[in-house]
Amino acid sequence: MSDSLTEDNQGKIDPSRWVQDYGDLLYSIAYSRLNDDSAAQDAVQETFLAALKAKESFVGKSTERTWMVGILKHKITDLLRKRFRETPSDKVDILPVEQEHPYEQVGSSKGMWRPNRGPSEWGKDPHKSLEDSEFRRFLQICLDQLPERLAAVFTLYELQQEDAKKICKDLAVSATNLWVMLHRCRRQLRRCLELHWIEGEPVSRRNSE
Amino acid sequence: MVNPLKAPMMLMARMLPSCEEVGQMVSESLDRRLSLPERIQVKLHLAMCALCRRYASQLVFLHKALHRHAEDAEARKEPDRELPDSVRQHLQDLVNRESQA
């Protein structure tokens, strides 16, 4: 094919294969971080367009795949920042775990675990669980149930692994505020995993909005 | 009768953080280096409180699991999701068109 002849001149870059080689990969990553079909598809499209524009600058320092995933991660970061800024802060209601009030609220033992409300013994080897597809499925379900604004911060930090200082600057939040938001998410995720993965409570999709 | 230990014990209790506060500090220990007084408070509390020890180890596990989850998604050979055919075709057309331009 004449197309592939011209591509040969540009080294390893072959855009005609991108959709086939990376489409599902990029879509899967984007979906797991954006929790939204059309946003994920848009991110994939923008990644391909940006890659086409930048393909002259690809000099094989990384593999084509790593390069492409890097571009996608930038797009995802932009989208999550935008989502955080555009979601009103009062949309973050009290989280389900907070409604359960696991801690004493008044009296001399205020702030201590209430009887039978503390974390349960999971009885699983965490390191083995990391290999477990069942665990990963529940982890994704629980991540998807976080409210949008908190999910944006949490995903930037824990999955995109953005620098905390940079997140504070980009989102205009204080470090203290960031740490509180991260802990709220961790609390909720921990409880969600405990309920569904450990105790087997059926998952309802009510929070998937 | 006045308990001579009451005052110092009240003072100690006030200095020691609650389970809820320790939970926050344990979480923050994943994000920043705690100050020396904070580290001491957390250590003392965890030494005495099995539930908080459990909570702490579950948060650490979760933190690691999330990093692993993200790295796996980026390295996966077989992606867990497939683009719908119509979107795939649209993207292919777009890339073909744009790479000619």
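Biologist: How do α8(A) and α10(A) lie to each other: roughly parallel or roughly perpendicular?
Modeller: α8(A) packs against α10(A) at an angle of about 95°, and their axes are 10 Å apart. Axes are lines fitted to C-alpha atoms, for helices over the stretch in contact, with angles from 0 to 180 degrees between N-to-C directions. Angles under 35 degrees count as roughly parallel, over 145 as roughly antiparallel, 65 to 115 as roughly perpendicular and the rest as oblique. The pair α8(A) and α10(A) is therefore roughly perpendicular.

Biologist: Before we go on, what pLDDT do local features need?
Modeller: Residues are numbered from 1 along each chain as its sequence is written, and chains are lettered from A and ligands numbered from 1 in the order in which they are written. This is a predicted model, where totals for chains, interfaces and linings use all residues, side-chain atom pairs count only at pLDDT 80 or more, and local features need pLDDT of at least 70.

Biologist: Thanks! How many charged residues does the contact of α8(A) with α10(A) have?
Modeller: From α8(A) come Leu150(A), Val153(A), Phe154(A) and Tyr157(A), which meet Leu178(A), Met181(A), Leu182(A), Arg184(A) and Cys185(A) of α10(A). Contact here puts the C-beta atoms, placed from the backbone, within 7 Å. Ala, Val, Leu, Ile, Met, Phe, Trp, Tyr, Cys and Pro count as nonpolar, Asp, Glu, Lys and Arg as charged, and the others, Gly among them, as polar. By class there are eight nonpolar residues, no polar ones, and the number of charged residues is one.

Biologist: How many helices does chain A have?
Modeller: Helices (H or I, at least four residues) and strands (E, at least two) are DSSP runs numbered from the N terminus. Chain A has zero strands, and its helices number ten.

Biologist: How are α3(A) and α4(A) oriented?
Modeller: The axes of α3(A) and α4(A) are 9 Å apart, at an angle of about 130°. Among the residues that meet are Ala39(A), Ala43(A) and Ala50(A) in α3(A) and Met68(A), Ile71(A) and Leu79(A) in α4(A). This contact has nine nonpolar residues, one polar and two charged. With that angle, α3(A) and α4(A) are therefore oblique.

Biologist: Now the two chains. Which element gives the largest share of the side of chain A that touches chain B?
Modeller: The contact draws on 42 residues of chain A and 37 of chain B. On the chain A side, 25 are nonpolar, ten polar and seven charged. Elements giving two or more residues to that side are α2, α3, α7, α8 and α10 of chain A. The largest share, ten residues, is from α2(A).

Biologist: With which residues of chain B is Leu25(A) in contact?
Modeller: Leu25(A) sits in helix α2 of chain A. Leu25(A) is buried because 23 other C-beta atoms lie within 10 Å (buried takes 20 or more others within 10 Å of a residue's own C-beta, placed from the backbone, exposed 12 or fewer, and partly exposed lies in between). Setting aside neighbours within four places in sequence, Leu25(A) is in contact with Arg76(B) and Pro79(B).

Biologist: And Gly123(A), is that residue buried or exposed?
Modeller: Gly123(A) belongs to the loop between α5 and α6 of chain A. Its C-alpha atom is 14 Å from that of His196(A), a residue 73 places away along the chain. With 6 C-beta neighbours inside 10 Å, Gly123(A) is therefore exposed.

Biologist: Which element gives seven residues to the side of domain 1 of chain A that touches domain 2 of chain A?
Modeller: The domain assignment, automatic or from a database, gives chain A domain 1 (11-86) and domain 2 (124-209), and their C-alpha centres lie 23 Å apart. Ten residues of domain 1 and 14 residues of domain 2 take part in the contact. The domain 1 side has three nonpolar, three polar and four charged residues. The largest share of that side, seven residues, is from α4(A).

Biologist: Over to chain B: against which helix of chain A do the buried residues of α2(B) pack?
Modeller: Helix α2 of chain B covers residues 19-28, and its buried residues include Cys19(B), Val22(B) and Val26(B). Its buried residues pack against α3 and α4 of chain B and, from chain A, α10.

Technical notes. Two residues are in contact if their C-beta atoms, placed from the backbone, lie within 7 Å.
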